[in-house]
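Please read these notes with the structure open beside you.

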Amino acid sequence: MKLESFFPIWDKIEPEQQEKLRKSAVKQTIKKGSILCDGGKECTGLVLVCDGLLRAYMLSEDGREVTVYRLFNRDICLLCASCVMTNIQFDIIIEAEQDTEAWVIPPWIYKSVQEESLVFSNYMNDLMAMNLSEVMWTVEQVMWKSVDKRLAAFLIEESNVENTLTLKITHEKIANHLGTAREVVTRMLKHFQTEGMVNLRRGEVEIIDLNKLEGLQ
């Protein structure tokens, strides 16, 4: 996937800045389970996902995880270059959920092009606003939406991501995505099984009635 395909405003960027981005970008393979950035402690740079899946999540004081958003093909991870954003503190961790291929632009190049190109800067600011909206949407879901609805929505999303109705995922992993306890997920999945929506096996959740799950959302 070409670098310019990530930026709809590419043709409006000056040739000098285009060349700077092209020359600095490095294609990397990020192994599943790797941490790209950890609450702003590391500054990897601007990460452009060519193929794979990244997960952005937060940790509570007691170590509980909650997924705030996921990054798919053609998505741009801004938070891996958070060191460029002055006076903004992010406690969000970015992890590779799958082996991922990505372009990585060094943070100092990203900062330089932002300062030189108003078009590029405006586009990236709009993208950041969208990311923050996703974070706020997730917070609202955790605060106000019941676990059964969030669990149903997650199972449907995961089925679409993996393109299968048989999900190889543990109850612990689901709990990490939803920001709840494993016991709560297990209890709710057993209820879903009783209602004929899923079939549970060790390390697997098979969706057997997608319509019923969709009706819970």
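1. The buried residues of α2 pack against α1, β3 (46-51), β8 (100-105) and α3. Those buried in α2 are P107, I109, Y110, S112, V113 and Q114. Buried means under 20% relative accessible area, exposed over 50%, and partly exposed in between (1.4 Å probe, protein chains only). Contact means heavy atoms within 4.5 Å. Helices (H or I, at least four residues) and strands (E, at least two) are DSSP runs, numbered from the N terminus.

2. The model is a predicted one: local features need pLDDT of at least 70, side-chain atom pairs count only at pLDDT 80 or more, and totals for chains, interfaces and linings use all residues. Residues are numbered from 1 along each chain as its sequence is written, and side-chain values use heavy atoms, with hydrogens and water left out.

3. Helix α1 (residues 15-24) packs with helix α2 (residues 107-116) at an angle of about 170°, and their axes are 10 Å apart. Axes are lines fitted to C-alpha atoms, for helices over the stretch in contact, and angles run from 0 to 180 degrees between N-to-C directions. From α1, Q17, K20, L21 and S24 meet I109, S112, V113 and E116 of α2.

4. Which residues touch the most other members of the largest nonpolar core? Of its 43 residues, they are F7, L46, L48, I94, F120 and M124. The largest share of this core, 6 residues, comes from helix α3 (residues 118-144). A nonpolar core is a set of buried Ala, Val, Leu, Ile, Met, Phe, Trp, Tyr and Cys residues joined through side-chain atoms within 4.5 Å. Leaving aside residues up to four places away in sequence, L46 touches F7, W103, Y110 and M124, among others.

5. An open sheet of 4 strands has the order β2-β7-β4-β5, with antiparallel pairing. Its edge strands, β2 (35-38) and β5 (65-71), each pair on one side only. Two strands pair if DSSP finds at least two bridges between them. Strand β4 (residues 54-59) is joined to β5 by 6 bridges, and Y57 stands opposite T67 in β5.

6. The C-alpha atoms of L54 and L36 are separated by 9.1 Å, and the two residues are 18 residues apart along the chain.
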